[in-house]
Amino acid sequence: MIKIKNIVWLFIKEHWAVLSIVLTSIIAFIPVNHFVSQYYYSDSAYSSIGATYQTYLNHDYYTYFTAMFVHTSWAHLLTNMAMLLFAGLVVDRYFSNVVFWYYYIVTNILSIGISSLFYRNDVLAGASGGIFAIMVFAIWIVFAIALDEGNLKSIWVWFYISIGVVLLISGFQPGQNLAIGTHLVGIILGAITVAYSILEAKFSK
């Protein structure tokens, strides 16, 4: 029993950034869910905490931050958090926990802020942009470690990469109420992170 508690405590200690983001997002969703009884993109109540083009015009830049903790439904929240756990538990081994939180916030603010300039009539909500950036970086980390260890034939490596790619592609399916621009910006930010990590590793030798 004590051993199990130690394992759980060690897991929480190593991954507190990812776990605290999940907990914060769930706690934030509960009052939002009551605040907006039924979700519509034109809902003025939802617009006050999600990000819109009007955010840019009115200089209400705080919504670029609040929007990442706003989700349209339990399904939206749980999907995002499952993706965050899938990718975040890999990436937070590369970043420190504090840096992981910072990366999550910055990539979400950038993806939401940039996308809001192009979505003139929609409310942007959720953390997909930052999660997509983390997903791209997670796929690269798994591949890079396998390459470095000569383990590219591992079925688990390609299983993880395949699932990650499928999840990224799912964010660009037509006919869904998705801010595809936010996902695209997230992928670009993830690619920039990959490029930076490659250059950092090259010049640190």
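S116 is found in helix 7; helices here are DSSP runs of H or I with at least four residues, strands are runs of E with at least two, and both are numbered from the N terminus. This is a predicted model, in which local features need pLDDT of at least 70, side-chain atom pairs count only at pLDDT 80 or more, and totals for chains, interfaces and linings use all residues. Residues are numbered from 1 along each chain as its sequence is written, and side-chain values use heavy atoms, with hydrogens and water left out.

**Two serines**

With a relative accessible area of 0%, S116 is buried. Buried means under 20% relative accessible area, exposed means over 50%, and partly exposed lies in between, with a 1.4 Å probe and protein chains only. The side chain of S116 makes a polar contact with the side chain of Y64 at 3.2 Å, and the S116 side chain also reaches the backbone oxygen of G113 at 2.7 Å. A polar contact is a pair of N or O atoms within 3.5 Å; within protein, one atom must be able to donate a hydrogen and the other to accept it, and residues adjacent in sequence count only if both atoms are side-chain atoms.

S197 lies in helix 10, which covers residues 180-203. S197 counts as buried because its relative accessibility is 7%. Its side chain reaches the backbone oxygen of V194 at 2.7 Å. Neighbours within four places in sequence aside, S197 is in contact with Y94, F137 and W140, where contact means heavy atoms within 4.5 Å.

The buried residues of helix 10 include T182, H183, V185 and G186, along with L189, G190, T193, V194 and S197. These buried residues pack against helix 7 (97-116) and helix 8 (128-148).

Among the buried residues of helix 6 are H76, L77, N80, M81, M83 and L84.

**Aromatic rings**

Rings of Phe, Tyr and Trp (its six-membered ring) pair if their centres lie within 6.5 Å; planes under 30 degrees apart count as stacked, over 60 as edge-to-face and the rest as tilted. By this rule the count comes to twelve aromatic pairs. Two of the pairs are tabulated here.

| Pair | Centre to centre | Angle between planes | Class |
|---|---|---|---|
| W140 and F143 | 6.0 Å | 40 degrees | tilted |
| F143 and W158 | 6.2 Å | 65 degrees | edge-to-face |

W140 and F143 are separated by about one helical turn because they are three residues apart in helix 8. An α-helix has 3.6 residues a turn, so residues three or four places apart point the same way.

W140 counts as partly exposed at 27% relative accessibility. F143 is partly exposed with a relative accessible area of 25%, and W158 is partly exposed with 38%. Elsewhere, ring pairs link Y94, F95, Y103 and F137 into a cluster; Y94 and F137 are also among the contacts of S197.

W16 is found in helix 2 (residues 16-35) and counts as partly exposed at 36% relative accessibility. Not counting residues up to four places away in sequence, W16 touches N97, V98 and W101. The C-alpha atoms of W16 and V98 are separated by 9.3 Å, although these residues are 82 apart along the chain.

**The whole chain**

The protein has ten helices and zero strands. Of its 205 residues, 41% count as buried. Among contacts with a separation of 6 or more, 72% come from residues 24 or more positions apart. The accessible surface is about 11600 Å², of which 70% belongs to carbon and sulfur atoms. Accessible areas come from the Shrake-Rupley method with a 1.4 Å probe, and for residues only the protein chains shown count as cover.
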